[in-house]
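Please examine the structure shown here and consider the questions that accompany it.

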Amino acid sequence: MEKVWDVIVIGAGPAGLTAGIYAARHGHSTLLLHNGKIGGRALEAHMIENYPGFPQGMTGAELMELFHQQASRFGVEFRHETVIGLADAGDHRIVSTRGGYHQGKTVILATGIQRKQLSIPGEMEFKGRGVSYCAICDGPFFKDKIVAVIGSGHEAVADALHLTDTAKKVYAIPGAKGYSESYAELPVLRSNPKVEIIEGHDISEISGNEFVTNIKFTGSSVEKLDVDGVFILLEHVSTSNILVEAGIDADEGGCVIVDRGQHTNLPGVYAAGDCSCTGWQVVTAAGDGAKAALSAMKYLKQGGTR
């Protein structure tokens with residue numbers, strides 16, 4: 001007979017690993033399903049300096065390895081399987097994968113998000129060497145430097161303003177179509193002396209040597225623009241392809257809707273970390289994972305009621 005797990009965690013980023021640590025440490029049988037990258041998007045961070053307890057900082061890969069070791073120590077079982085479905089079967093939740101299915105009394109979604117990419121020459125080559133997808137995470141590395149912020153949405157506007165606190169100059173580049181809406185912060189951005197907005201052109205290439213040194217445009221008289229960093233802040237999409245079929249509520253941007261205890265609208269199903277679009281930091285994802293696990297444990301203790 002197929003084992004019924006107390007907790008099934010989908011995703012092995014900071015949120016999923018923390019949820020696994022909390023659940024397994026309290027003696028709950030815990031299965032963590034992952035796509036082969038234990039650590040998630042945090043692996044891409046070339047240096048994390050703001051995670052409490054590590055004053056010298058460390059790479060994302062090093063920090064996630066510590067998370068992994070801790071989860072393994074408490075008995076989390078890791079399996080490399082791609083999840084393709086989630087269904088409510090009354091007392092249990094059924095998680096379908098390409099290799100079969102698993103039964104769990106509770107499920108914690110920690111599937112993260114995926115950033116849309118520019119898909120231009122140099123983007124992948126200089127990822128972590130001047131190309132970033134998180135201004136709050138990496139902004140301090142560009143103190144007194146020249147940076148470009150690529151994107152037309154609210155996050156791009158807000159983060160361009162955020163970068164003016166540390167950067168010497170910020171080029172805000174919404175693309176050929178300009179900003180997608182008249183955001184309240186736009187007048188503030190336009191009037192900031194550190195900001196130059198370049199509208200009407202798309203980025204065609206990111207260049208450099210060991211690190212980024214310049215960007216190039218399509219259809220522009222400007223051959224290139226010298227910059228030290230490029231922040232690509234395009235739309236994000238949920239990496240979970242199971243939300244709609246499972247009936248899990250999400251907003252228009254694909255963010256899973258949760259309450260303060262990380263409960264989704266489905267009993268026994270929780271969401272944590274970037275898939276619920278809160279924080280975008282390792283420390284906040286870990287906090288979400290802890291809250292989701294505590295809620296799941298309370299659900300188990302109460303015999304399947306919130």
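The questions below concern a predicted model, beginning with a sheet and moving on to a pocket.

Me: Which residue in S13 is the bridge partner of isoleucine 206?
Reply: S12 and strand S13 (residues 212–217) are joined in the antiparallel sense over five bridges. For isoleucine 206, the bridge partner in S13 is isoleucine 215.

Me: Which element supplies the largest share of the lining of the second largest pocket?
Reply: The second largest pocket has a volume of about 630 Å³, and 26 residues line it. Helix H4 (154–163), strand S10 (169–175) and strand S16 (236–238) each contribute at least two residues to that lining. The largest share, three residues, belongs to H4.

Me: How many charged residues are in the lining of the second largest pocket?
Reply: Ser152, Gly153, Leu233, Leu234 and Glu235 are the lining residues nearest the pocket's centre. By class, the whole lining has 10 nonpolar and 10 polar residues, and the charged ones number six.

Me: Is aspartate 159 buried or exposed?
Reply: Aspartate 159 is located in helix H4. Leaving aside neighbours within four places in sequence, aspartate 159 is in contact with Ala135 and Leu233. Its relative accessible area is 9%, and the cut-off for this class is under 20%. Aspartate 159 is therefore buried.

Methods. Residues numbered from 1 in each chain as written. Predicted model: local features only at pLDDT ≥ 70, side-chain atom pairs only at ≥ 80, totals over all residues. Heavy atoms only, no water. Pairing = 2+ DSSP bridges. Helix = DSSP H or I, 4+ residues; strand = E, 2+ residues; numbered from the N terminus. 1 Å grid on protein atoms, 1.4 Å probe; cavity = no way out; pocket = protein on both sides within 12 Å on 5 of 7 lines; lining within 4 Å. Points joined across faces, edges and corners; volume = space filled by probe spheres on them. Nonpolar A, V, L, I, M, F, W, Y, C, P; charged D, E, K, R; others polar. Buried < 20%, exposed > 50% of the residue type's maximum accessible area, 1.4 Å probe, protein only. Contact = heavy atoms within 4.5 Å.
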